[in-house]
Amino acid sequence: MDKLPWEKWYHGDWLKDSSVGRCSLLARGLWIELLSLMFLDSVSEISGTPDELSRIARCSRVELEAGLEELKRTQCASVTVCNGNVTVACRRLQKQRNARENTAKRVKRHREKQPGNAPVTVQKSEVRSQKSEVR
């Protein structure tokens with residue numbers, strides 16, 4: 001999937017979210033770091049050992065564990081621990097990614113079903129040659 005060059009960020013959504021509002025400054029800071037990493041990697045979840053996650057989130061392991069526990073308790077994020085690996089997922093990013101993928105599939109099916117008079121993307125050289133033939 002192509003990487004988006006920017007992200008819509010609604011400050012009101014962040015400030016009005018009750019689960020974010022119940023979090024401490026530590027948990028909110030950790031969450032925004034993880035969200036930024038997810039956006040840059042075009043993923044909706046991050047997995048790794050606690051040590052790996054603390055390095056990429058730029059915090060100590062103690063801060064990571066306290067922040068993740070709070071994010072899980074307030075249901076800000078989906079936090080799963082399995083065999084020493086921690087997976088942190090953002091439900092909103094998962095929903096947005098699924099919507100983009102479904103839209104792309106729907107548009108592709110529509111275009112395949114009803115071919116137009118010309119290709120969707122026409123090269124400039126083809127347009128010039130078509131114009132010269134008409135003259």
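Modeller: A residue is called buried when its relative accessible area is under 20%, exposed when over 50% and partly exposed in between, using a 1.4 Å probe and protein chains only. This is a predicted model, in which local features need pLDDT of at least 70 and side-chain atom pairs count only at pLDDT 80 or more, while totals for chains, interfaces and linings use all residues. Residues are numbered from 1 along each chain as its sequence is written, and side-chain values use heavy atoms, with hydrogens and water left out.

Biologist: What pattern does the protein follow, read along the sequence?

Modeller: Helices (H or I, at least four residues) and strands (E, at least two) are taken as DSSP runs and numbered from the N terminus. The protein has seven helices and three strands. In sequence order, these elements give the pattern α-α-α-β-α-α-β-β-α-α.

Biologist: What percentage of the residues of the protein count as buried?

Modeller: The accessible surface comes to about 10,200 Å², of which 51% belongs to carbon and sulfur atoms; such areas come from the Shrake-Rupley method with a 1.4 Å probe, and for residues only the protein chains shown count as cover. Of the 135 residues in the protein, the share that counts as buried is 24%.

Biologist: How far apart are the end C-alpha atoms of helix H3?

Modeller: Helix H3 runs over residues 25–41 and holds 17 residues. The expected span of a helix is 1.5 Å times one less than its number of residues, so H3 should span 24 Å, and this agrees with the distance between its end C-alpha atoms, 24 Å.

Biologist: Which elements are included in what covers the buried residues of H3?

Modeller: The buried residues of H3 are Ala-27, Leu-30, Trp-31, Leu-34, Leu-35, Met-38 and Phe-39. Cover is judged here by contact, meaning heavy atoms within 4.5 Å. The elements that cover these residues include helix H1 (11–16), strand E1 (45–48), helix H5 (61–73), strand E3 (85–89) and helix H6 (91–113).

Biologist: Which residue follows H3, with a phi that is positive?

Modeller: The phi in question is near 55°. The residue that carries this positive value after H3 is Ser-42.

Biologist: Which residue forms a salt bridge with Asp-13?

Modeller: A salt bridge is a side-chain nitrogen of Lys or Arg within 4 Å of a carboxyl oxygen of Asp or Glu, and by this rule the count comes to five. For Asp-13, the closest N and O atoms of the pair are 2.9 Å apart. The pair links distant parts of the chain, helix H1 and helix H6, 79 residues apart, and the partner of Asp-13 is Arg-92.

Biologist: Is Arg-58 buried or exposed?

Modeller: Arg-58 forms a salt bridge with Glu-33, with the closest N and O atoms 2.9 Å apart. This pair links the loop between helix H4 (50–56) and H5, where Arg-58 lies, to Glu-33 in helix H3, 25 residues apart. Glu-33 is partly exposed at 22% relative accessibility, whereas Arg-58, because its relative accessible area is 65%, counts as exposed.

Biologist: In which helix do Arg-97 and Glu-101 both lie?

Modeller: Arg-97 forms a salt bridge with Glu-101, the closest N and O atoms being 3.7 Å apart. Arg-97 is partly exposed at 27%, and Glu-101 is partly exposed at 29%. The two residues are four apart, about one turn of the helix, and that helix is H6.

Biologist: How far from Cys-76 is the nearest cysteine sulfur?

Modeller: A disulfide is a pair of cysteine sulfur atoms within 2.5 Å, and by this rule the count comes to zero. Cys-76 is in no disulfide, and the nearest cysteine sulfur, that of Cys-23, lies at a distance of 4.0 Å.
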